[in-house]
Amino acid sequence: MVKMDLKKVFVIGTAGFVVISLGLFYVLTNSTRITSGRSQREVNLENMERKLQSLEEAFQSHKMSMKELEKLAMSQQQNGGDHPIVESPLDNNNIDDNPAAVAKNNNDVVKINNNNNAASAVELGTCSASVGLKNKAASDFNMLDVYDLIKFDNQDGGVWKQGFKINPDSSRFTEANKLKVVVIPHSHNDPGWIKTFEKYFEDQTKHILDNMLIELGANPDLKFIWAEISYFNLWWTDLSTAQKKAVQKLVENKQLEFVTGGWVMPDEANSHYYSILTQLTEGHQWLKGHLNVTPKNGWAIDPFGMSPTMAYILRRSGLANMLIQRTHYAVKKHLANLQQLEFRWRQEWDDADSTDILCHMMPFYSYDVPHTCGPDPKICCQFDFKRMRGVSTMTCPWNVPPQPIVTQNLRERSLTLLDQYKKKAMLFRSNVLLIPLGDDFRWEDKPEWDAQRTNYAKIFDYINSNKELNTEIGFGTLDDYFAALGGEMTSGRFIPNVLSGDFFTYADRDDHYWSGYFTSRPFHKAMDRELMGHLRAAQILFTTMSAELSKKKGVTLGGNTFVRSLLGKLINARRALSLFQHHDGVTGTSKDHVMVDYAQKLHTGLNACNHVMQKSLEVLTHLMDESLNLEALEAGEEHQFEPAFSKDHHHALPHHSIITLDGEVTDRLVTVHNPGAHARTMMVTLYVSTYYIKVVDIEGEVIESEILPVFEDRTTLSSNTFQLNFVTELEPMAVKNFILKHDPTAVVDPPEITVFNSPSEIFDHDKFKIQSVYANTDPIFISNDHLTINFGETGFAKSVILNEKEIPWEVAFYSYGVRKGGETSGLYLFIPDGPATPLDVGTKPFIKVVKGRFLSYVEVWTQQVKHRVELYNHPGFERHAIRLTNTIDIRTESNFELVMRLKTSISSASSHTDLNGFQMVRRKRLAKLPLQANIYPLPAATYIEDSSLRMTLLTRQPAGTGSLSDGEVEVILDRRLMQDDNRGVAQGAKDNLETVTAYNVLFEEVRCHDGDVGEGKKAGMLSLAGHASLHDLLNPFRTFVKPGVVTVEALSRLADYSPRGKMGSLDDLGCDIELVDMTSLPVYKEALDDASYEMGSEAGVTLRRVGFDGRFFNGGIPMGRCSVAEDRLGRFQLKELVGDLFAPKLTQMTLSYTHEGKTLTSDEPILMKPMEIYAFRTYFVKK
């Protein structure tokens, strides 16, 4: 009976498929051409779009139904017709109406397996270098292979200097096979660069958007795209209700399209994936809340190199297509020659095709009008009518200005422009051509709008009315372009190939590689990561607090002013971090005063996050306190927690607050939060006013601690400030309280302190004795139960001992100069004068060695850097990593770039660097490229390895890195440059600040072998230990101190907190599961009013299953309190993380929380796929 029913369904389904296909064929073959006339064009296109949308929805529905039926049939055959085991694809209620999506299944959200009886997530016995994944992505073009093929000979290509001569095929376009040209008006608005964000808005962006609203409303045939929601939000707040409704109408009419829809157009080299996702979510939620629109197409025309991480995030956020511009000019030429500038961009680790996103790469030098209409910029500039006399002061560098289009020149001008279009079309395989029409801060005033619109309208009319030209042309949006391209794909006339890999390092001409900005302004880059960690912790605490207030206190979150005030601070902090992700923000490539403005915004964001954490901790530690008063908590600042580590000014380094204890203030409260998904044991560091201290928890149990001296300078010990270290374990997302007690009977166990080559006399402290050595004969070393580090006479590391094997490991400092003559190093470019030279540290630099109970370190001072190597000695995971910190000050240098180089005996033919803290990619050293081309972004991690050993370097702040010789890794720490590099910012890098950089180094022995690694068949992965160490570096425990003495009465109302309940009541998550974020997204009472935000009844939980290299697993670094069992890796239940904090129901979402997927329950096991990020909407419980 089952077989008969299925057979009928398949027959009916197949018939339906035939009908749908014929319908699509009819629509496509009878579609009318694009014209510039309003009535015919609008009616025909709208009819066509409606038909396509209806047919595609039917087609998608049919495909999903057939796929489900096929799985159902298979499962019933396997299970005898009972209880089918189906890995259900996630639903998507917001079906993309772009025909480009027809060719693929909808991959907006990751398919999940919620069947607890499914096959094991991972087979560790296979010793895979990419656990849970097969071989690398099957692609037609992998960028490593492409780089091997390209000669990089930079031959002169004629009018297209970086390309080749293009001869259009006169027979390619016919009456039945027309060229369809979509001209896309756009304006690229940098949220800070030469001017600050607000100054740009007042001077230029406001006028662009004002005129857009007027001109689009008056000219229905005109269209426009917009990318930067930060600016749109600023403009929106000043609009009247009527103007806001007019904007809504333009969006509904598809005259105005939001492309990408992020808060900014982010940098893709330095930005962490958390921050990229934060700014995208901020923009998408703004658009959804105010205009009920969700972007479908990405637009990245100005970031300096492109990352596949961005492609992944866009795809998983519901976008189907994307456009990129700044890639190496030789790569553009190579792909253009093969007609492969449009491709499906696939993640290297994707062994299927679920991450594919259709990508269009612009072929020429820039995104301005001279470099977008065709190969000859001299001709294209003549069609940028803003440069026409009388319209603006802009001119064409080729000294041939645009001419007004009149009857006498209409034919010649139209055919001249069309010739460029057809030549450009030769670089693509479809008959649809994308022509951007804009530049930085364009379409600013009415004369420009009129000049561009009226002159192009005449050309459009001429081309469209002369059928022998076989061309259809008109204004359009990016969505119009991809819709037309989707038609080509649906018909089979264009099938894009697959490309994998990234597009770093970018060069725009000659040997001018943009590898300098990977490091420029390291102080600000470090501040970026500081705010990122603060924001993540604040959002987790705030969402947890909100859920508890709703569940235990019955608080109506939407109407509560205390909750709303904290939400407002989080929104501001999110927007500060998001703004800095701009490709002239975190890159460090803006003018000095703009960087100051960014830093002030980041500092405000840090303060906002600290405020949210303070208030949230007060609530979470007093949930059982009946006297808890939210109104008083909102109004008062007294008795609130203060951060133990913070910065006072936007230009200052963070510092420890000094906790005062004495005979009068005898007890101080310290509260610690673990913002992670796993239980962790870590060392807590505080600065205190006395060494007579005892640490206890609120149950009175004494916590072991140590006291170390604080040095005021090289040799002077502070008499009233001391470093207190103690070690504690915290459950996931838990809060724990400790009391510091002034105890005159406390016994101080002093560390062993030795200084070498001191320039002045050293005076002992009454508790700390210092041994001063001038002729160093004894070896210098520090050790714990995992590692020993040996140091040379100059104080720098020379080897490590791991498992009784000594491994050469030298840490040394070098510097680069700048090339003399012509363009050279600046904020963007890195063009050194040759290989780096060793830094002169002298024969006897000052060295300090401190060996404590929990912490030991060696510190060496040079003129430019204070370098410290630390080892932890406690049961936590921290003890397996070597911590390096550099306090850098190069303000006395000139054209100087400081480098830290790690040298080992590892036989590494290549290296791996990360992309956005999300994935690793292999880097080859290419002798045919200059040194600066072999420098890559280092947002989070790099490693080198051979068949027996791996060294991993994990970083707390982004920088540039390279492996220029076997066994070596170098990191560029800071740059001081006295000249501009002629890329627009018109200044050097001379605003250096004292900066601290921090790194973890891991040494791991290969425990087993994967034969495919040497052949490059596997995507590179960090080990589980590498992921854990990076998480510790970026997301440490957050520590706060209560001002004043803590009383017995106050302690009686205090409690520790864990969302999971009592310790051990729930299983530990798999070690490969990370909590990315837990966020409360605002809802708007009035869609037109951005200030009408309030808390909703939902929260977002974002998780990631990391991919990892299993060769270091068995017998390697132990992972602590997380599960490495095969049946636990990759598996997740929300209840295991947060207990019953939320309602049992949760809904999977796209990553920016705009499209819904499958509905699940909190105790439903989910099998997550390696490398994937998942977003779930959860619901608050009301008491």
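Predicted model: local features only at pLDDT ≥ 70, side-chain atom pairs only at ≥ 80, totals over all residues.
Residues are numbered from 1 along each chain as its sequence is written, and side-chain values use heavy atoms, with hydrogens and water left out.

Reader: How many disulfides does the structure hold?
Author: A disulfide here is a pair of cysteine sulfur atoms within 2.5 Å. In sequence order, the bonded cysteines pair as 1-6, 2-3, 4-5, 7-8. The count is four.

Reader: How many residues apart in sequence are the parts that Cys127 and Cys1008 tie together?
Author: A disulfide joins Cys127 to Cys1008, S to S 1.8 Å. Helices (H or I, at least four residues) and strands (E, at least two) are DSSP runs, numbered from the N terminus. Cys127 lies in the loop between helix H2 and strand S1, and Cys1008 in the loop between strand S42 and helix H18, so the parts tied together are apart in sequence by 881 residues.

Reader: Is the disulfide of Cys373 and Cys380 right-handed or left-handed?
Author: The sulfur atoms of Cys373 and Cys380 are 2.0 Å apart. The torsion about their S-S bond is about -85°, so the disulfide is left-handed.

Reader: Is Cys1008 buried, partly exposed or exposed?
Author: Buried means under 20% relative accessible area, exposed over 50%, partly exposed in between (1.4 Å probe, protein chains only). Cys1008 is at 22%, so the class is partly exposed.

Reader: Which residues of H7 does H5 meet?
Author: Contact means heavy atoms within 4.5 Å. From H5, the residues are Ile229, Phe232, Asn233 and Trp236. In H7 they meet Gly283, Trp286, Leu287, His290 and Leu291.

Reader: Which strands stand at the edges of the open sheet of four strands?
Author: Two strands pair if DSSP finds at least two bridges between them. The order is S15-S17-S21-S20, with mixed pairing. Each edge strand has a single partner, so one side is left without a neighbour in the sheet; these strands are S15 and S20.

Reader: Which residue in S17 is the bridge partner of Ile659?
Author: S15 and S17 run parallel, joined by two bridges. In S17, the partner of Ile659 is Val688.

Reader: Which residues does Ser907 touch, not counting those up to four places away in sequence?
Author: Ser907 lies in the loop between strand S34 and strand S35. Ser907 is exposed, at 53% relative accessible area. The residues touched are Glu945 and Asp946.
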